[in-house]
Amino acid sequence: MTLKIFADLLSQPSRSVILFAKLNNIPFVLENTSIAEGAHQTKEFTAINPFQKVPAIQDGDFNLTESVAILKYLASTYKTPAHWYPSDVKKRARVDEYLAWQHVNTRLSCAKVFWCEFLIPRMTGNPINKNKLENCLTGMNKTLTEIEDVFLKDRKYLCGNEITIADIMGVSEVLQVSGSGRDPAEGHPKLGAWIDRVQTQLNPEFDDVFKILFKIRNKSRARSKL
């Protein structure tokens, strides 16, 4: 049976899974699961993922949730190139290290900025809470500095000199803040070089998967100039 991926391309982890599948020519059917429309809360989707989160996959009679678990499953099941999730124990441990760290660092800090600066004002019609945004930005910049100083200190990519699933997860989370027009690389030149490196290596699939986010980014930047 065909692999089904339930995803919303405005979701950071959804983009990671879709991008990985496209890059590795994994045949799949995209089941658009719009969070804005509440598709993740339907009875049908809840049967796939009781936690009502995207992404999720259905591979025959096997359902799986959580983006990190999905990426590891796809890498192993579909025999993707070894650099994505290395078989070497120490190299794999480096990937697992970042993926464990990112949940309460990259993901959390960047998501807070996106919510504060973009989603909440648009959902409520209220102006941006400047004090809260400053606190969120402080947390995000601390995280981005740690990525530069620890993970990218002497490496081309987050876990070494070859691209891995950690880079796919990381770049999607970092770029989420661009939805408000913000450049996450501002003040972080090493991070910016890494983003460019990942995007260049993963194109054209990268731009295809990120086109909705980039469209929102461009609109936000145009609006800020009015």
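**View 1. Thr 106 sits in helix 4, which spans residues 89–124.** Helices are DSSP runs of H or I with at least four residues, strands are runs of E with at least two, and both are numbered from the N terminus. This is a predicted model in which local features need pLDDT of at least 70, side-chain atom pairs count only at pLDDT 80 or more, and totals for chains, interfaces and linings use all residues. Residues are numbered from 1 along each chain as its sequence is written, and side-chain values use heavy atoms, with hydrogens and water left out. Is Thr 106 buried or exposed? Thr 106 is buried, because its relative accessible area is 0% (buried means under 20%, exposed over 50%, partly exposed in between, with a 1.4 Å probe and protein chains only). Setting aside residues up to four places away in sequence, Thr 106 touches Tyr 98, Trp 101, Thr 143, Ile 147, Gly 170, Glu 173 and Val 174 (contact means heavy atoms within 4.5 Å).

**View 2. Lys 72 belongs to helix 3, residues 67–77.** Lys 72 counts as partly exposed because its relative accessibility is 24%. Which residues does Lys 72 contact, leaving aside its neighbours within four places in sequence? They are Tyr 85, Asp 96, Leu 99 and Ile 165. For a sense of scale, look for Asn 129: Lys 72 and Asn 129 are 57 residues apart in sequence and 38 Å apart in space, C-alpha to C-alpha.

**View 3. Strand 1 (residues 3–7) and strand 2 (residues 28–32) run parallel, joined by five bridges.** Two strands pair if DSSP finds at least two bridges between them. Find Ala 7, whose bridge partner in strand 2 is Asn 32. Together with helix 1 (residues 12–23), strand 1 and strand 2 make a right-handed β-α-β unit. Right-handed means that, with the strands pointing away from the viewer, the path from the first strand over the helix to the second runs clockwise.

**View 4. The largest pocket has a volume of about 890 Å³.** Its lining has 31 residues, and the closest to its centre are Ser 11, Gln 12, Ile 35, Arg 107 and Trp 115. A pocket is an open set of points on a 1 Å grid over the protein atoms alone, where a 1.4 Å probe fits, with protein on both sides within 12 Å along at least five of seven lines; lining residues have an atom within 4 Å of a point. Points are joined across faces, edges and corners, and a volume is the space filled by probe spheres set on them. Helix 4 gives the largest share of this pocket's lining, nine residues.
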